[in-house]
Amino acid sequence: MRWLWMLLLVSSLAIAGSATSRPEAQPSSSPVASCSAASCHGGMDVGKIGSEVTTWRSADPHSKAYSVLFNPDSQRIIANLRKGDSNRWRDAAHLEQACLNCHSTGAHSTFDGQPIDASSDGVGCDGCHGPSEKWLPKHYEPTWKGLTFQQKRDLGFNDTKDLGSRTLICASCHVGDKDRDVNHDLIAAGHPRLAFDYSRFHYQPGYTKHWTETQPERDFEIRSWFIGQVAALRAAANLTVERTSHGVVPELTEQSCFACHQSLTTPIRGTPGETPQWQPWHVTLLSTLIEESPKLFPGATAPKLVQFPVKQLGKALSNDERRRHAEALTADLDRWLDDLRKADSSQPIPADVLRQLAANLAIAGSKAPSDYDCLAPYYLALAALHHADEKTLGGISNSLESIAKQLKYKKGQTGPGEFDAETVKAAFAAIAKLLASP
Amino acid sequence: MKLFHAPLAVILAATGGVSVWQVMAADPVADPAPAPANINPGIAACLGCHKGPDLGSAIRFVKDYKSDEFVRLNESMIWESHDPHSKAFSVLKTPLGEQMGKNLNYKDVTTEVACLACHAMDIDPYKKDKKPSDFVAQDSLGIGCQGCHGLQSDWQSKHYEEAFRNNGSVIPWRESTPEEKGKAGLKNLRDPQVKAAHCATCHVGDPEMGRVVTHAMYAAGHPPLLPYELSTYTSDQPRHWGTPFDPKLKYFHSMKPEKAHKLFSFYPDEGQAGYDARHVAIGAVMGLNAEAKLLAHESDKATPAGLDYARFDCYACHHDLKVPSARQERGYEGAPGRPPLKAWNGALTGVIAAHAAQTSNTKVAEIAKQFPDKWKATQQAAYAKPLGDPVAMKKAAAELSAWSLAFANALQSSPIYTPEEAKKLQAMLVKAAADKKYLADAEAVMALVWASRALDNQTADWSSLAELLPISVRTPSEVMSKTPTTVGDLLKDRMRLFNGYDAEKFKAHFPPKPSTKE
């Protein structure tokens, strides 16, 4: 049943992987070209150590991040944006810095002392591991392993082994940051919605990771799911901070897409006043996360008032107030992530703790507002935990399937259309009941 | 012996010439709520003469004054049997009304001024800080005769009493000017501009009268306000008045143009087709005027987030998301992702102005030509920020408001709608309905179809479109049913039909083929 939680993959990924109309040219010298030496990371065993670049190239959508900028979807997005502001959007997508910031590693970095255009690599090695100019010559020296993370960081090398740092790197594009803002203008122009969920993205079909984890897979999955949630929320808070000085206000993507994007039939889904007004996709699980934090990460307690700024951000605030609350939230979440990082993750998570976590999520899901962005995160959470430990949570698969049936986008749609929120909530209640019985 | 079915007072009036009004004021079946002394909200007195030309006091007026050649005389009857205005207040007590009250945290929707402003009769519309006692709120009345014609009792007695004083001769009231009638409290609803402005105070909104349907109200359950197309609204009401071209209303036939325009606000040479075109045109322009005033007002009240969502195109946001997306394929007028203004608003007036700009009347044409710029400026103020730039919007909306008023004035003072021009306007409306500029906006298409249909004179089979989008405010069977049904009751079916709108399918069936019926 490991396929089960994949049911909900949004079509954005399908679009991201869709046909390209341009052959991929590799510059003779670029980070990717350099890394792919057969004796380093260019082996031919996809998924194995020593074949990282090959794995990335053949089984990782990041390698196509640039080439999708040539497809008809990208052309239409740019054309629509240009109609709104022809001064701001002058170039084709593959030349637009705003697009390249996420769809390539960096158009104007230097390599081997020479300025290079590595954009055609898509999101290559440097995209996640950090600009390689300084760390590249050092990382294969015997001394490299003796360096502290801070020393590596000083060389521009990102700490991808730490789950908090890693998920924040992912979130810099998949949620957004200062220079990477998929706002409502972009989405209306045709860019797929960002609905980041670390676990869902990590295990999507067609994505083979090119590394191994230090923890056992089961515990890695549970803990990375948790940290992924906190990190994504942190990225969302930070993005709100950035938008107060750079963005358009109000930013409609900070609300639930489907609070507005539903055909007006009766009844309207989502009760006014119940649905969180700021980032429901990222804040829906917050209460449960706060409660469960010390159980999964001994000693890591959520900052006391973390929910206060979340509530405030849902109100019509002045720019200054908005910034203040978003900054407070970002700082709180940074503290929390730091505590999660420091917590002892060497012990396996006991089955009853996992079971209780799943039960609590199901109970909260059964009482959630009828809004899609408030229900889907509970489904994804349970599906992620089910994926991590089928043995402990195997009994819930039928209920999960019935939820997926409601929440899954129908053919030709990029939203749930008419779905029955009550059926979804009843299925969550059934899961909660099942998990409560021994 | 039909007379015995009439209320006692009517018989008294018919036989003894006693003022109907004085007697009816004490009628024990009248609604109990007290009204100020100079106000008469009830329908009982109206029914004395307006129940039918062969009923009650009407008999005498027909005999002595040929009143049936001036008005239909069954107006109150039509209102009572078919017109949803009669349910305007009682709908507040339905489950939907209760649900809205709960969602909006209102203590009681039936005493909430924001609801009463449209759902009851407003005694002094421009009064500030109104209280529930400032309204006539009665289950049996809703928006009754006086809700539109004027609550003041002065005109109500005058408009027939003079008949008694001028036994047999011409009735001075009928031929007095709209201004004189207005002094007695009668609203000049014969003037399409006055009528359009008046209906729009509720059906679009009027902030100065406190008549504003906010997004909070919609979210709480208020049915969406439909595109304001005056002719379709009145025909589905259904219309209880005759036009001056009604074969039975001989009083107006062969009336001199000057008198027709001065006293009854119509142009004999325009004929029925021109009369209808005039109503479609002025209705749309005054609808835009009402919306422009709302935009200006809401700009003052804007929060840091912008203007109230209710001022934008509902369906720009409220649609299920699809790939491929008709909107994305078409592209946007401004930055994508920002709610535009209501598409129907610009579409209807756009066609009317484009038509008027081509006519030989230079005064009208000059004003008409300004529309694209005025609309664009307002639309740009909406696009400047995701929920509008209040500063730019205030300016642009004020200009649009002034422009629309000037345009409506120009239209109403110029007989441009000859039968040929009316036909041209209809053709332009039909063409616009299938234009790719509007095709992705179901509401714009719907408004254009309504206007096209209103001017078609029944040569096309419009019912062939009935499965594709709502072709009227109410369905014909619904209009003719004995119980007036409100839009709220129709909502589920009508929204299902509306949401199912498919631009390609519509295009394939449009324009409708000529009707085969005789």
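This is a predicted model: local features need pLDDT of at least 70, side-chain atom pairs count only at pLDDT 80 or more; totals for chains, interfaces and linings use all residues.
Student: OK, which residues of helix α21 of chain A are buried?
Tutor: In α21(A), which spans residues 397-407, they are Ser397(A), Ser399(A), Leu400(A), Ile403(A), Ala404(A) and Leu407(A).

Student: Why do they line one face of the helix?
Tutor: Look down the axis of α21(A): the buried residues fall within an arc of 155 degrees, so they line one face.

Student: What covers the buried residues?
Tutor: The cover includes three helices of chain A: α19 (372-388), α20 (390-393) and α22 (421-436).

Student: Switching to the interface. How many residues are in contact between chain B and chain A?
Tutor: Chain B puts 34 residues in contact with 36 of chain A. The buried area between the two is about 3,100 Å², with 56% of that from carbon and sulfur atoms.

Student: Which three residues of chain B supply more of its buried area than any other three?
Tutor: Asp320(B), Leu321(B) and Gln328(B), which supply 21% of what chain B buries against chain A.

Student: How many salt bridges across the interface?
Tutor: Three. One joins the side chains of Arg496(B) and Glu418(A), at 3.8 Å from N to O.

Student: Which helix gives the largest share of chain B's side?
Tutor: That's α26(B), with five residues. By class, chain B's side has 17 nonpolar, eight polar and nine charged residues.

Terms used
Residues are numbered from 1 along each chain as its sequence is written. Chains are lettered from A and ligands numbered from 1 in the order in which they are written. Side-chain values use heavy atoms; hydrogens and water are left out. Contact means heavy atoms within 4.5 Å. Buried area is the accessible area (1.4 Å probe) that two parts lose on being put together, summed over both. A salt bridge is a side-chain nitrogen of Lys or Arg within 4 Å of a carboxyl oxygen of Asp or Glu. Helices (H or I, at least four residues) and strands (E, at least two) are DSSP runs, numbered from the N terminus. Ala, Val, Leu, Ile, Met, Phe, Trp, Tyr, Cys and Pro count as nonpolar, Asp, Glu, Lys and Arg as charged, and the others, Gly among them, as polar. Buried means under 20% relative accessible area, exposed over 50%, partly exposed in between (1.4 Å probe, protein chains only). The arc is that of the directions from the helix axis to the C-beta atoms.
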